[in-house]
Amino acid sequence: MLERLNQAMEHIELHLDQAIDVGELARIAATSEYHLRRMFSALAGMPLSEYVRRRRLTLAGAEVLAGRETLLEIAVRYGYGSGEAFARAFRAMHGIGPGEARRTGAALNSQSRMSFRLTVEGSSSMRYRIVEKPEFTVAGFKARVPLVHLGPNQAIIDFVRGIDPQALERLEKLSDQQPEGIVAVCDDLDPSRAEGTELDYYQGVTTSGEVPAGMTALAVPAGTWAVFTASGPVPQAIQELWRDVYTEWFPSNPYRSRPGPEILRTRLSPDKTEAEAELWLPVERERA
């Protein structure tokens with residue numbers, strides 16, 4: 001998987017002055033466009049589109065300083081429809097406009113080329129199982145919240161605190177399958193998984209029953225799920241589990257992510273500082 005991903009990275013480098021077709025990158029990486037975007041974001045720490053933008057502006061910066069072509073010619077080569085659009089993007093990355101950078105020979109920022117490799121330490125293992133699950137429904141209470149990679153998500157905390165405890169008790173009684181009890185469900189994430197993009201968050205249960213009035217229902221089709229378990233301090237252990245799945249497990253196993261909700265079952269210690277977590281991710285086997 002990583003070898004094919006690095007081939008896709010090389011394709012990006014050869015076509016930075018052209019439109020980048022993410023579908024073609026996915027074919028080179030021998031995976032789906034959906035999984036490629038998620039894998040890249042997890043491995044690189046930024047969306048694929050942001051990496052391409054920064055690489056283009058890195059090359060554009062070098063050409064601005066070289067002074068061989070006009071600023072408009074450079075702007076057009078790297079996909080900007082006007083000098084103004086190029087200047088805004090250039091300033092956002094380099095902290096200075098292209099004209100001033102050329103006049104003063106200013107120091108510019110640089111986005112290095114990326115390549116990926118798997119570091120095998122052999123000191124730990126990831127606990128997981130594969131589950132074939134029939135169609136089911138997520139029932140519960142829903143909010144649109146921002147994605148937070150590190151630390152508490154205050155929007156989710158405030159939303160959950162605002163749910164009536166008696167409503168949660170009624171909700172928990174609807175749970176009739178794994179993962180059991182109240183779960184956190186994330187759906188409709190932005191493909192980039194960039195910090196601050198929004199997602200649908202459900203405080204809910206998985207059920208085959210009817211969803212009462214006043215609750216939101218999310219129908220989930222039958223499919224394959226990878227189930228991961230971890231324990232440790234809150235929220236670090238859970239966020240690190242999410243990271244490790246994409247940076248370690250997917251590159252080492254013949255599966256890729258597929259569209260669908262991500263489900264987290266968490267059981268807190270009495271003092272709420274530690275947690276046992278079970279993460280359910282929709283997956284499919286990679287094609288040979």
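Leaving out residues up to four places away in sequence, Leu 279 touches Ala 226, Val 227, Phe 228, Leu 241, Trp 242, Val 245, Ile 263 and Leu 264, a contact being heavy atoms within 4.5 Å. The model is a predicted one, in which local features need pLDDT of at least 70 and side-chain atom pairs count only at pLDDT 80 or more, while totals for chains, interfaces and linings use all residues. Residues are numbered from 1 along each chain as its sequence is written, and side-chain values use heavy atoms, with hydrogens and water left out.

Leu 279 also belongs to the largest nonpolar core, which has 35 residues; together with Tyr 201, Phe 228, Val 245 and Phe 250, Leu 279 touches the most other members. Such a core is a set of buried Ala, Val, Leu, Ile, Met, Phe, Trp, Tyr and Cys residues joined through side-chain atoms within 4.5 Å, where buried means under 20% relative accessible area, exposed over 50% and partly exposed in between, with a 1.4 Å probe and protein chains only. At least two core residues each come from several elements, including strand S2 (136–146), helix H8 (154–161), strand S6 (223–233), helix H10 (236–252) and strand S9 (274–285); helices (H or I, at least four residues) and strands (E, at least two) are DSSP runs, numbered from the N terminus. H10 gives the largest share, seven residues. A separate core of 20 residues includes Leu 2, Leu 25, Phe 40 and Phe 116.

H10 also packs against helix H3 (residues 33–44): their axes come within 9 Å and cross at roughly 130 degrees. Axes are lines fitted to C-alpha atoms, for helices over the stretch in contact, and angles run from 0 to 180 degrees between N-to-C directions. H3 is therefore oblique to H10, given that angles under 35 degrees count as roughly parallel, over 145 as roughly antiparallel, 65 to 115 as roughly perpendicular and the rest as oblique. His 35, Arg 38, Met 39, Ala 42 and Leu 43 of H3 meet Tyr 246, Thr 247, Phe 250 and Pro 251 of H10.

Met 1 lies in the segment before helix H1 (2–14) and is partly exposed, with a relative accessible area of 28%. Beyond its neighbours within four places in sequence, Met 1 is in contact with Ala 29, Thr 31, His 35, Met 39, Pro 251 and Glu 286. H1 itself packs with helix H4 (residues 48–66) at an angle of about 40 degrees, their axes 10 Å apart, which means that H1 is oblique to H4.
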